[in-house]
Amino acid sequence: SVQVEDDRTGLSLETLKRAFLDNLFYVQGKSPDIATAKDYYMALAYTVRDRMLHHWLSTGQTYRRTHARTAVYLSAEFLMGPYLGNNLINLGLYDLFEQAMEELGLNLKEIMDQEQEPGLGNGGLGRLAACYLDSMATLEIPSLGYGIRYEFGIFEQAFHDGWQVEKTDQWLRWGNPWEVRRPEWAVHVKIGGHTEGYTDHQGRYQVNWVPDKVVRGIPYDTPILGYQVNTANTLRLWRAESPESFDFDAFNRGDYYGAVNSKIISENISKVLYPNDDKLEGKQLRLEQEFFFVSCSLQDMIRLLMSEGLPLEQFPEKFTVQLNDTHPAVAIAELMRLLVDDHEMAWDLAWEITQKSFAYTNHTLLPEALERWPMYLFGSLLPRHLEIIFEINRIFLDQVRLKFGPDNERIARMSLIEETGGRYVRMANLACVGSHAINGVAELHTELLKETVLKDFYELFPEKFVNKTNGVTPRRWMVLSNPRLAKLIDQHIGTAWPTQLDQLSKLEAYVDDPAFRNEWREIKQANKRFLTARIERLTGIKVNPDSMFDVQIKRIHEYKRQQLNALHIITLYRRLKQNPDLEITPRTFIFAGKAAPGYFMAKLIIKLITAVGDIVNRDPVVRDRLKVVFIPNYNVTNSQPIYPASDLSEQISTAGFEASGTGNMKFALNGSLTIGTLDGANVEIREEVGAENFFLFGMTADEVTALKASGYQPWQYYEENAELKGVIDLISSGFFSGGDTETFKPLIDNLLQQDRFTVLADYQSYIDCQDHVGKVYQQDQENWLRMSILNAARMGKFSSDRAVREYCKEIWHVDPVSIELQE
Ligand code: 26W
């Protein structure tokens with residue numbers, strides 16, 4: 001008899017090819033002769049998805065059957081990156097599918113390039129959430145990610161005349177094969193209106209919230225595979241729609257257009273991701289987004305709890321909820337409302353449950369990023385939550401008085417309501433009071449939190465504070481994005497390292513092995529040639545793959561100091577102009593990153609970089625020894641070929657401002673060396689790789705604070721440093737702006753007069769360090785190679801698996817549940 005494998009699950013080459021062509025025919029409605037690249041992508045995505053569903057359903061069944069304790073990650077952002085390649089890697093089917101496509105005359109990588117990534121995040125915080133989902137699934141931790149299914153993710157970046165211009169992202173244009181809409185689990189969310197008190201049948205005072213609008217939240221689920229395990233967890237994103245019987249009042253009045261309009265207004269809530277990174281924009285719609293997804297998610301958790309037949313009191317045993325920054329912190333008030341008002345629970349019990357349930361991660365020390373909502377705005381959208389926050393505050397401030405006595409200044413600082421010059425609801429204070437654990441994202445960051453922004457809370461609740469240094473997933477950031485290096489490592493230390501990253505230390509045994517060293521060097525070169533071709537395709541600029549690739553890729557922000565990098569480039573350029581035969585290390589300066597659309601100074605920094613590139617790249621005197629490229633539209637997809645091709649990683653933020661950084665980890669893991677300050681996780685990276693394998697410069701966080709306290713005068717650095725003065729004057733003269741002296745004036749004035757991020761104070765230290773970097777790269781290539789290997793070999797700590805294990809053990813108390821595939 002003929003044995004035919006099931007098209008949906010079979011794994012033989014013949015079955016994969018047949019299943020793919022079947023999906024092309026029956027899902028895309030195309031035959032190969034008219035199929036487009038997008039059709040092939042969709043057909044392949046469905047073929048891969050079919051092979052994930054068994055894992056997904058078995059995982060859900062197992063969690064329900066065992067009442068598994070579940071870690072919930074509440075985040076306004078999930079920057080997942082493209083799914084296809086990652087799912088193939090995690091299923092262990094990458095090579096097989098590559099061969100199947102080849103046998104059909106297709107190329108897997110080209111098909112993968114068709115994917116529109118879901119850019120549902122701004123930067124580090126959203127990408128961290130994605131790495132943690134990957135690690136939780138890989139570690140077989142029962143978990144759920146909850147967020148917003150933005151119709152428009154982070155904008156697409158284009159350039160006009162060297163300036164950033166934003167275009168709307170259309171990630172859903174071709175459909176999303178990875179998600180499943182689940183209308184049967186839709187929930188309603190109230191917004192606005194007022195509250196009414198009443199006495200219930202037992203004579204208790206109760207509050208009823210009468211909203212002025214109701215929106216419907218529809219969950220869209222995406223399976224999140226673990227690496228080489230059966231676990232497939234769920235990312236559940238909410239889309240806002242209008243309720244079924246949309247605005248029946250208007251409709252009954254015969255106001256059809258009014259009713260349609262209110263439908264449109266409801267859908268606005270999940271329309272677009274706010275593109276700000278580290279700056280609060282106090283917009284009504286943003287608060288509506290935050291409340292919307294939090295309320296949907298908590299209602300969903302209560303439904304899940306009850307569907308397992310568990311009582312509400314068991315909420316904190318069933319779920320532990322991590323707040324990814326304060327964006328979802330209104331969950332504390334919403335859970336209280338659900339318990340006290342909707343489920344008539346006593347306040348004290350509800351508060352105990354709430355505090356047991358939540359933990360809060362802080363991601364920034366910048367005061368302008370701390371969320372504070374104008375009280376009138378908060379009260380007009382969430383009148384009942386404002387009452388609840390007042391009550392939490394009343395009880396909390398009594399607790400403060402009990403411990404510290406009548407210290408009115410302390411009370412004013414700790415109050416959930418700010419009352420100095422306008423009244424605001426302080427979300428970080430709410431998060432601290434309503435959570436049982438509070439963490440920073442690197443050791444230095446956690447210490448600074450305790451000493452500065454959260455000092456009062458640390459003095460009141462020292463036991464709540466813990467550090468959880470960030471990590472990144474080695475599956476996406478090595479196995480998928482640097483396959484050549486991954487293969488070399490497999491051949492030398494075996495294949496366990498992607499889940500046991502500490503094993504990379506076994507590479508140290510090969511640091512002097514000539515054959516291994518050669519391969520290491522060749523792989524870096526091959527990765528650089530690959531990026532070189534991509535750069536030419538994307539920018540038209542030809543770069544030299546034998547030059548040092550000096551890379552700074554991240555959001556554009558004054559504290560991250562891309563402008564300091566630009567000052568270095570201009571320094572080298574001036575040296576060459578003054579002495580054309582000067583021996584310098586050929587370098588390619590690679591930048592990528594988006595500026596928030598309303599952040600003028602960040603956009604001006606981009607313009608400066610592209611303007612410097614325009615001059616330097618063309619100047620014959622430079623003789624191609626310096627090249628400056630700005631790779632457009634930085635996102636996960638575009639970043640993946642950059643880390644493996646880098647020689648030098650720029651991590652040059654002002655000490656005390658970068659909470660952790662995670663790009664710094666991706667670079668070092670891929671064998672690039674860091675030039676960096678003692679900021680964020682740089683401190684720990686340097687500790688791990690060894691001070692001799694890290695290029696350190698600049699002031700410490702304490703020195704920055706001390707300099708500012710003593711009255712920092714940036715222009716003195718300018719006046720006393722001839723080379724710095726020459727660089728600044730060259731920009732001011734209009735040399736990079738076609739003779740126009742106005743273009744960069746705001747940037748220069750700011751550096752000379754304010755310089756909040758002490759660029760000028762760190763300039764000389766940075767230049768000296770860069771001179772040293774250039775020498776080592778040029779004159780001591782053997783040592784550079786050795787440092788590169790040792791960096792990768794010593795990065796084990798920075799796996800997100802390590803970070804997630806720490807959260808599980810010290811905050812969540814969640815254990816793995818292994819999944820057997822069900823019949
Ligand atoms: C309210 C507007 C807003 C939006 C996003 C304020 C702040 C944010 C995030 C906190 C910005 C962010 O992504 N922070 C980064 O988080 C990473 C993960 O922990 C850290 O590695 C980065 O250092 C930190 O800047």
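Axes are lines fitted to C-alpha atoms over the stretch in contact, with angles from 0 to 180 degrees between N-to-C directions. Helices are DSSP runs (H or I, at least four residues), numbered from the N terminus. On the H1 side, Leu16, Ala19, Phe20, Asn23 and Leu24 take part; Asp39, Ala43, Leu44, Tyr46, Thr47 and Asp50 meet them from H2. Contact requires C-beta atoms, placed from the backbone, within 7 Å.

Helices H21 (residues 483-493) and H22 (residues 514-539) cross at roughly 165°, their axes coming within 9 Å. H21 and H22 are therefore roughly antiparallel. H21 contributes Arg484, Leu485, Leu488 and His492 to the contact, and H22 contributes Phe516, Glu519, Trp520, Ile523, Ala526 and Asn527.

The ligand is surrounded by 23 residues (C-beta atom, placed from the backbone, within 6 Å). Gly124, Leu125, His363, Ala659 and Ser660 are the closest.

Mean pLDDT (the predictor's confidence in each residue, from 0 to 100) is 97 for the chain. Of its residues, 99% reach 70 or more. The complex has an ipTM of 0.97 and a pTM of 0.97 from the predictor.

Residues are numbered from 1 along each chain as its sequence is written. In this predicted model, local features need pLDDT of at least 70 and side-chain atom pairs count only at pLDDT 80 or more, whereas totals for chains, interfaces and linings use all residues.

Methods
Contact = placed C-beta atoms within 7 Å. Helix = DSSP H or I, 4+ residues; strand = E, 2+ residues; numbered from the N terminus. Parallel < 35°, antiparallel > 145°, perpendicular 65-115°, else oblique.
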